[in-house]
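Subject: Structure for your review

Dear colleague,

Please find the structure below, together with its sequence. My notes on it follow.

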Amino acid sequence: MASLVTYAAHEGIATITMDDGKVNALSLPMQAQLNSALDRAIEDKAAIVLTGREGKFSAGFDLVTLAARGDDAVSMLDGGFELALRLLTIPTPVLVACTGHTMAMGLFLAMSADYVIGTSGAYKFTANEVAIGMTMPRSALAISRNRMNPAAFLRAMMSAQIFSPQQATEFGLLDAHSPAENLAAQAQAEARRRLALDAPAYAGTKALLREPLLNTLRETMKEDHLIFQKLCGVA
């Protein structure tokens with residue numbers, strides 16, 4: 001299998017980088033390698049910085065697999081939200097550094113981190129499901145509602161609005177944005193700041209804050225799975 005994900009650990013911070021040479025589609029191979037990298041970070045008890053290739057964080061699910069339908073498509077759709085759930089439950093700090101365009105499941109994955117920083121410039125942050133003829137999954141709604149301000153949430157979910165990095169920061173999709181040349185350093189600095197906090201208190205507070213969302217997600221993912229099966233012709 002081609003290497004789609006790299007892992008680098010330094011001083012308690014694991015940097016996990018997606019790079020498929022294209023748009024960092026969250027294909028089944030990409031998901032498998034991301035999960036392996038997360039396994040390693042958890043074993044290392046490291047803070048995590050998840051990032052992408054220059055100009056692209058992730059455009060979401062692999063459209064070729066979706067178009068083919070069948071069991072692989074269902075597994076890919078389920079797996080994207082399982083990854084998001086996993087990020088939400090890791091006790092150490094989890095940060096995402098969006099290196100460029102961040103769309104659909106790529107956006108939902110980013111919004112599952114503790115802290116999200118984007119790259120300044122002509123980059124798109126959008127949930128484009130409605131624009132491409134897909135009803136928004138319940139789990140995507142839950143993740144997005146937890147982070148966006150109410151007005152932005154409605155525009156993002158119902159009309160597939162495209163947000164600039166500045167708008168994404170203003171409306172809660174991002175915590176901050178930075179020029180590309182400073183992005184990695186700022187993400188690392190924030191990771192170090194969080195590592196300096198009391199680890200049990202951080203993990204305990206994170207668990208309490210996330211409990212309502214996690215309870216919702218565990219139910220919506222079951223409902224979404226049944227819808228994905230019908231969508232992909234396996235029900």
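A residue is called buried when its relative accessible area is under 20%, exposed when it is over 50%, and partly exposed in between (1.4 Å probe, protein chains only). By that scale Thr205 is partly exposed, because its relative accessible area is 44%. Thr205 sits in helix H9; helices (H or I, at least four residues) are DSSP runs, numbered from the N terminus, as strands (E, at least two) are. Pro91 lies 114 residues from Thr205 in sequence, yet the two are 9.5 Å apart in space, C-alpha to C-alpha.

Please note that this is a predicted model, in which local features need pLDDT of at least 70 and side-chain atom pairs count only at pLDDT 80 or more, while totals for chains, interfaces and linings use all residues. Residues are numbered from 1 along each chain as its sequence is written, and side-chain values use heavy atoms, with hydrogens and water left out.

Regarding the interior, a nonpolar core is a set of buried Ala, Val, Leu, Ile, Met, Phe, Trp, Tyr and Cys residues joined through side-chain atoms within 4.5 Å. The largest such core has 62 residues, of which Ile16, Leu34, Leu50, Phe108 and Leu173 touch the most other members. Helix H3 (residues 70-89) gives the most to this core, namely 10 residues. Apart from it lies another core, of 11 residues, including Ile13, Val49, Tyr115 and Ile117.

Helix H6 (residues 150-159) has Ala152, Phe153, Ala156 and Met157 as its buried residues. Seen down the axis of H6, these fall within an arc of 115°, so they line one face of the helix; the arc is that of the directions from the helix axis to the C-beta atoms. The face turned away from the buried side of H6 carries the exposed Pro150 and Met158. Helix H4 (105-110) and helix H5 (138-147) are among what covers the buried residues of H6, where contact means heavy atoms within 4.5 Å.

H5 also packs against helix H9 (residues 199-231), at an angle of about 155° and with the axes 7 Å apart. That makes H5 roughly antiparallel to H9, a term for angles over 145 degrees. Axes are lines fitted to C-alpha atoms, for helices over the stretch in contact, and angles run from 0 to 180 degrees between N-to-C directions. Among the residues that meet are Ala142 and Ile143 in H5 and Leu213 and Leu217 in H9.

Yours sincerely

Terms used: Parallel < 35°, antiparallel > 145°, perpendicular 65-115°, else oblique.
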